[in-house]
Protein chains: 2
Amino acid sequence: MSRTDEVVDGIKRMILAGELSPGDRLPVENELAEALGVSRGSLREGVRALSILGIVHTRQGDGTYVTSLDPGRLLAPMGFVVELQGDSSARPFHQVRRILETEAAAQAALRITDEGLAESRTVLDGVPALLAQAPVDHDRFIEADIAFHRIVAAHSGNPVIAALTETLASRTVRERLLRGQRQSGAEERAHADHEAIWRALADRDPDRARTHMAAHLLTVEESLPTG
Amino acid sequence: MSRTDEVVDGIKRMILAGELSPGDRLPVENELAEALGVSRGSLREGVRALSILGIVHTRQGDGTYVTSLDPGRLLAPMGFVVELQGDSSARPFHQVRRILETEAAAQAALRITDEGLAESRTVLDGVPALLAQAPVDHDRFIEADIAFHRIVAAHSGNPVIAALTETLASRTVRERLLRGQRQSGAEERAHADHEAIWRALADRDPDRARTHMAAHLLTVEESLPTG
DNA sequence: CTCCTCTAATCGTCGGATGATTAGAGCCTA
DNA sequence: TAGGCTCTAATCATCCGACGATTAGAGGAG
């Protein structure tokens, strides 16, 4: 086990033992390095790794702090590895997204607030104008697409689902998806699906929300190579 | 953007551009540091971070190589952050596990091989002896539990689901779960659930497999604090 | 041809030095 | 006194050079 691994493990253990809580400040590098019995260089490698994993946050001139450890923050780095996946893995990843978002839609139908409905309504209302112009502004369509799905996932009541779907359907992933199906009015079809989902949410009907979301994401998925 | 971030981004970009493929060896530290315009220390911090994310693998005396980039390898580090979650997040995480494994069971019923059935049969056959002795060897029960669920997920045909459920239901997580419900024959109940799931798999019946898996995991979930 | 030894290459770790950034004390001014 | 400014100390960011640990591969012995 390398020194750096010992640092990572040591800090992780301090958090698990309650010696460090979210928001707490870590000892300064020289102190912590001595406490863990490693040089400052090795310590920095370990702290940097934890920083990239979203467990701690370092500010030059100030210090290093334990983050909130929220699922949203800790799952975000996963988006990094999702982007590295080749086309062969696009389908299994999207299947996971579909399974989770389908359930999220059903939950959201039971829990969404009037504010959430209004906000998603505003997003959808802006889309027809986008699709009417030629050429269509695909970037802005993707923005609206992301915004709608994000609102639905956020109202599922499960922050882990919200964080996972966010990373599984990031902007770069969506750009790949849209590129693969930019032939026959795919965006119009997607927008119609969104409207159907919205109506189910507005009616607080989980079954309809589930079915429409499942069909919507399945349509996208069927444009992907088999995997 | 720090030097280390530039290193991470630079190597990531090399992979995305095809300059580095799985199995390829990275340039030696001194060369790569010069190519990226950073010192060897900063380079090492970046490479170490990528190593912890499972993207590269370094061997002292040999060199640094790009890993296979398989979903299983890249999602494994997520288990690290799952363990850091407090009890308040246990329920949403387990909900995700339940949703994914339920679907995995249905898929596995359609795809599982005779070897997979035989292997899971062997695992289940060993459990009654474990439960008969007093006191029950909880560690070995957890082992069997993990083995059974792993086989099912592996035969879902989706490596991402297999990897995610593995990290969401690691040994440490399971120990927490079992501790919360060690009152009233929970292990016997779990084993009976497993048998019901196995029969559905053996009959290649996805509906029954789905239902039994859902009920099995829901039972576990109901012992968790509301979140 | 096989095995062993030895060397060179490479990563792992350390210590020190310097620059960049921040927070906070102390001072000044209105 | 309240507010803003300056300056200082603390802290992290980066770099450099050195040496130890490990591995792969060349070369020789049998």
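## Surface near DNA strand D

In this predicted model, the surface near DNA strand D is made up of two nonpolar, twelve polar and five charged residues. Altogether 19 residues lie around DNA strand D, and those that come nearest are B:S2, B:R3, B:S39, B:S42 and B:G61. Two or more residues each are given to this surface by α1 (3-16) and α3 (40-52) of chain B, and also by β2 (63-66) of chain A.

## Surface near DNA strand C

DNA strand C is likewise surrounded by 19 residues, of which A:S2, A:R3, A:S39, A:S42 and A:G61 are the closest. Here the elements that supply two or more residues are α1 (3-16) and α3 (40-52) of chain A, together with β2 (63-66) of chain B. By class, the surface near DNA strand C has five charged, twelve polar and two nonpolar residues.

## Relation of the two protein chains

## Contact between chains A and B

The contact takes 31 residues from chain A and 32 residues from chain B. On the side of chain B that touches chain A, two or more residues each come from α1, α3, α4 (71-75), α5 (78-83), α6 (90-111) and α10 (159-168) of chain B, with α6(B) giving the largest share, seven residues. This side of chain B divides into 21 nonpolar, six polar and five charged residues.

Terms used. Residues are numbered from 1 along each chain as its sequence is written. Chains are lettered from A and ligands numbered from 1 in the order in which they are written. This is a predicted model: local features need pLDDT of at least 70, side-chain atom pairs count only at pLDDT 80 or more; totals for chains, interfaces and linings use all residues. A residue is near a molecule or strand if its C-beta atom, placed from the backbone, lies within 6 Å of it. Helices (H or I, at least four residues) and strands (E, at least two) are DSSP runs, numbered from the N terminus. Ala, Val, Leu, Ile, Met, Phe, Trp, Tyr, Cys and Pro count as nonpolar, Asp, Glu, Lys and Arg as charged, and the others, Gly among them, as polar. Two residues are in contact if their C-beta atoms, placed from the backbone, lie within 7 Å.
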